[in-house]
Amino acid sequence: MPGVLILEALAQAGGVLVHKKCHSEKIAVLLNINNAKFRKPVVPGDVLMLHAKGLYISNKGGRVLAKATVNDQIAVEAEVGFALVDKEQL
């Protein structure tokens with residue numbers, strides 16, 4: 001599985017976490033991805049588990065530590081940053 005698709009999945013999981021934690025009508029928008037590391041390849045048939053932990057979350061945005069694991073081994077990890085914006089601004 002291409003690494004960029006795994007990063008996309010991690011970013012979406014992190015966006016949901018930031019949006020839900022703030023309990024607001026704002027939308028989480030991806031700002032950046034830092035310290036992305038690809039630890040092991042993901043091949044067809046692997047079950048990819050996504051984990052997201054909020055490092056910093058406020059009403060303006062947040063930062064999430066996201067990990068993708070296969071058989072309890074880290075395949076990809078990254079810090080993902082988000083901004084919360086009003087729907088009217090998009």
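Predicted model: local features only at pLDDT ≥ 70, side-chain atom pairs only at ≥ 80, totals over all residues.
1. A residue is called buried when its relative accessible area is under 20%, exposed when that area is over 50%, and partly exposed in between.

2. Since Arg 63 belongs to strand E3 (residues 61–70) and Glu 79 to strand E4, the bridge ties together parts that lie 16 residues apart in sequence. Glu 79, with 24% relative accessibility, also counts as partly exposed.

3. The count of salt bridges in the model comes to 2, and the other pairing joins the side chains of Arg 39 and Glu 77, with an N to O distance of 2.5 Å. Arg 39 sits in the loop between strand E1 (27–38) and strand E2 (49–57), whereas Glu 77 is in strand E4 (residues 73–85), so that distant parts of the chain, 38 residues apart, are linked by this pair. Glu 77 has a relative accessible area of 15% and is therefore buried, the cut-off being under 20%.

4. In soluble globular proteins, nonpolar side chains tend to be buried together.

5. Val 76 deserves a separate look: when its neighbours within four places in sequence are left aside, its contacts are Ile 6, Leu 7, Leu 10, Lys 37, Phe 38, Ala 66, Lys 67 and Ala 68.

6. Helix H1 has 20 residues and spans 29 Å from its first C-alpha to its last, which is close to the 28 Å expected at 1.5 Å a residue. The buried residues of H1 include Gly 3, Ile 6, Leu 7, Leu 10, Ala 11, Gly 14, Gly 15, Leu 17, Val 18 and Cys 22, and the elements covering its buried residues include E1, E2, E3 and E4.

7. On the surface, Met 1, Val 4 and Leu 5 form a nonpolar patch that has about 300 Å² of accessible area together. Val 4 lies in helix H1 (residues 3–22), and because its relative accessibility is 61%, over the 50% cut-off, Val 4 counts as exposed.

Note on methods. Residues numbered from 1 in each chain as written. Heavy atoms only, no water. Salt bridge = Lys/Arg side-chain N within 4 Å of Asp/Glu carboxyl O. Helix = DSSP H or I, 4+ residues; strand = E, 2+ residues; numbered from the N terminus. Buried < 20%, exposed > 50% of the residue type's maximum accessible area, 1.4 Å probe, protein only. Patch = residues over 30% accessible without salt bridge, like charges linked within 9 Å, V, L, I, M, F, W, Y side chains within 5 Å. Areas by Shrake-Rupley, 256 points an atom, 1.4 Å probe, with all protein chains shown as cover. Contact = heavy atoms within 4.5 Å. Expected span 1.5 Å × (residues − 1).
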